Amino acid sequence: GLNFIDLMVRQGNIDNPPKTPLVPGFECSGIVEALGDSVKGFEIGDRVMAFVNYNAWAEVVCTPVEFVYKVPDDMSFSEAAAFPMNFVTAYMMLFEVANLREGMSVLVHSAGGGVGQAVAQLCSTIPNVTVFGTASSFKHEAIKDSVTHLFDRNADYVQEVKRISTDGVDVVLDCLCGENTGKGLSLLKPLGTYILYGSSNMVTGETKSFFSFAKSWWQVEKVNPIKLYEENKVIAGFSLLNLLFKQNRGGLIKGVMDKLLNLYNNKKIKPVVDSLWALEEVKEAMQRIHDRGNIGKLILDVEKAPTPLVS
């Protein structure tokens with residue numbers, strides 16, 4: 001799976017970037033080739049998907065058994081590689097952090113991306129949830145059925161949302177960071193939850209400098225705790241990779257994956273795969289995410305031959 005975090009790793013815009021040379025990537029799917037001595041529940045030849053703390057974009061991957069899950073029979077390898085990061089992130093934000101229930105409303109940015117599409121699908125499993133989404137206008141036709149109200153990402157979505165829902169929304173999921181934080185908080189209903197889960201604005205430029213990155217975060221730092229108290233609002237952060245690899249919550253994630261696979265088997269959710277790329281095409285694949293051209297997930301396929309460039 002190719003994720004926005006991989007672009008941040010490439011540009012060095014993360015805490016403690018690993019020393020080079022490194023193999024990027026945090027999720028993959030494949031076939032079990034070998035097992036550790038004490039591993040139970042898996043056999044050689046099993047079709048699996050897994051979280052990996054780097055090294056996912058390799059032909060052979062090694063990861064602790066607690067991060068590995070069996071792939072349903074009717075799920076393709078490309079769907080399986082598109083599944084873990086996006087759906088676990090979306091599920092945990094909606095149900096573990098924001099406590100999504102019937103009749104609530106959600107605003108999600110980048111509604112056409114992997115997480116955005118997972119959020120929209122999971123919201124549809126709860127009755128009467130209204131989903132407001134922002135996305136580039138050229139994606140609207142393709143994703144208009146997945147959200148209730150869709151806005152151009154460059155438009156004044158605050159006014160658009162308030163026109164439809166005068167008192168705002170219950171949940172804001174923000175991967176943009178920066179100046180959108182104030183807008184998102186202003187849209188929250190009392191007892192609403194604002195979740196910061198990514199910072200895709202950190203890689204908007206070709207050579208995004210650390211100072212513009214710091215300035216973007218500085219906008220977030222201006223949130224006033226007294227104002228949160230007075231307005232009954234919740235602000236939260238979510239990092240799946242930290243939860244998995246720094247905070248040892250693999251067991252919690254396993255329970256979430258079980259619920260998600262149950263939803264998949266009941267045909268309630270299905271990963272959206274944008275495109276498959278050969279490993280040699282990673283530069284072009286990253287550019288597609290960078291330009292926000294994708295609808296759903298980009299996958300690196302180790303068995304795919306590079307596509308010849310057509311003049």
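Buried means under 20% relative accessible area, with exposed over 50% and partly exposed in between (1.4 Å probe, protein chains only). Helices (H or I, at least four residues) and strands (E, at least two) are DSSP runs, numbered from the N terminus. This is a predicted model, in which local features need pLDDT of at least 70, side-chain atom pairs count only at pLDDT 80 or more, and totals for chains, interfaces and linings use all residues. Residues are numbered from 1 along each chain as its sequence is written, and side-chain values use heavy atoms, with hydrogens and water left out.

In helix α6 (residues 157-164), the buried residues are Tyr157, Val158 and Val161. Viewed down the axis of α6, they fall within an arc of 105° and so line one face of the helix; the arc is that of the directions from the helix axis to the C-beta atoms. Their cover includes β4 (105-108), β5 (130-135), β6 (149-152), β7 (169-174) and α7 (180-187).

The open sheet has six strands with parallel pairing, in the order β6-β5-β4-β7-β8-β9. Its edge strands, β6 and β9 (234-237), each pair on one side only. Two strands pair if DSSP finds at least two bridges between them; β4 and β7 are joined by three. Leu107 stands opposite Val172 in β7.

Helix α4 (residues 114-123) lies across β4, β5 and β7 and runs at about 170° to β4. Helix α6 also packs on the sheet, touching β4, β5, β6 and β7, and its direction makes about 155° with that of β6. Contact means heavy atoms within 4.5 Å. Axes are lines fitted to C-alpha atoms, for helices over the stretch in contact, and angles run from 0 to 180 degrees between N-to-C directions.
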